[in-house]
Amino acid sequence: MSVAGVVVREDGRVLVIRRADNGRWEPPGGVLELREGVEDGVRREVYEETGIKVHVERLTGVYKNTTLGVVALVFRCSPAGGYEQLSDESTAVSWLAPDEAVKRMSEAFSVRIADALTDDTAPHIRTHDGRNLTEPVGN
């Protein structure tokens, strides 16, 4: 299982990274460690990849990659300290306007930002093939 944080500043900009392994822009996140709590994992992953400490606010989406079989939990977060820095996992760390962030990402990741910015109280549940949204089998 993986987790990610859509970190939103007071001015509405969102924190994104360009991944070192594939060059794609995404919200920061990664795989949970075996005995790690979900929210602890979000805080750790965002900090490791960006240098930004966060408050985890709420679950905004559950996303299944039907190609890899990975389920990602995505949380809206707010910054709580730190400063932007690169890591072994990120070649760029930027605060972007939501529309600019969405333009840089594949649909499977841009929807995570859009979902996190809504006022919906229930999390969105979506499937994708790693790049594009898909309908779950059986629908």
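Two strands count as paired if DSSP finds at least two bridges between them. Helices (H or I, at least four residues) and strands (E, at least two) are DSSP runs, numbered from the N terminus. This is a predicted model, in which local features need pLDDT of at least 70 and side-chain atom pairs count only at pLDDT 80 or more, while totals for chains, interfaces and linings use all residues. Residues are numbered from 1 along each chain as its sequence is written, and side-chain values use heavy atoms, with hydrogens and water left out.

**View 1. An open sheet of three strands.** Here 3 strands line up in the order β3-β2-β7, with antiparallel pairing. β3 (25–26) and β7 are the edge strands, each pairing on one side only. Between β2 and β3, which run antiparallel, there are 2 bridges; look for I17, whose bridge partner in β3 is E26.

**View 2. β6 and its two partners.** β1 pairs with β6 in the parallel sense, over 6 bridges, and A4 has V74 in β6 as its bridge partner. β5 and β6 run antiparallel and are joined by 12 bridges; L59 stands opposite F75 in β6. A hairpin is formed by β5 and β6, with 4 residues between them, and G69 in the turn has a positive phi of about 75°.

**View 3. Helix α1 and its cover.** Helix α1 has 13 residues (38–50), and its end C-alpha atoms lie 18 Å apart, which agrees with the 18 Å that 1.5 Å a residue should give. The expected span is 1.5 Å times one less than the number of residues. Which residues of α1 are buried? They are G41, V42, R44, E45, V46, E49 and T50, where buried means under 20% relative accessible area, exposed over 50%, and partly exposed in between (1.4 Å probe, protein chains only). An α-helix has 3.6 residues a turn, so residues three or four places apart point the same way. The cover over the buried residues of α1 includes β1 (2–7), β2 (14–19), β4 (29–31), β5 (52–65), β6 (70–82) and β7 (90–96). After α1 comes G51, with a positive phi near 85°.

**View 4. Two nonpolar cores.** A nonpolar core is a set of buried Ala, Val, Leu, Ile, Met, Phe, Trp, Tyr and Cys residues joined through side-chain atoms within 4.5 Å. The largest one has 17 residues, of which V6, V14, V16, A101, M105 and I113 touch the most other members. β1, β2, β7 and α3 (107–116) are the elements that give two or more residues to this core, and α3 gives the most, with 5 residues. Leaving aside neighbours within four places in sequence, A101 is in contact (heavy atoms within 4.5 Å) with V14, V16, L96 and I113. A second, separate core of 15 residues includes V3, I17, V42 and F75.

**View 5. Stepping back to the protein chain.** There are 3 helices and 9 strands, and from the N terminus on the elements run β-β-β-β-α-β-β-β-α-α-β-β. The radius of gyration is 14 Å, which agrees with the value near 14 Å for a compact globule of 139 residues; this radius is taken over C-alpha atoms, and the globule rule is 2.2 Å times the number of residues to the power 0.38. Of the 139 residues, 45% count as buried. Among contacts with a separation of 6 or more, 64% come from residues 24 or more positions apart.
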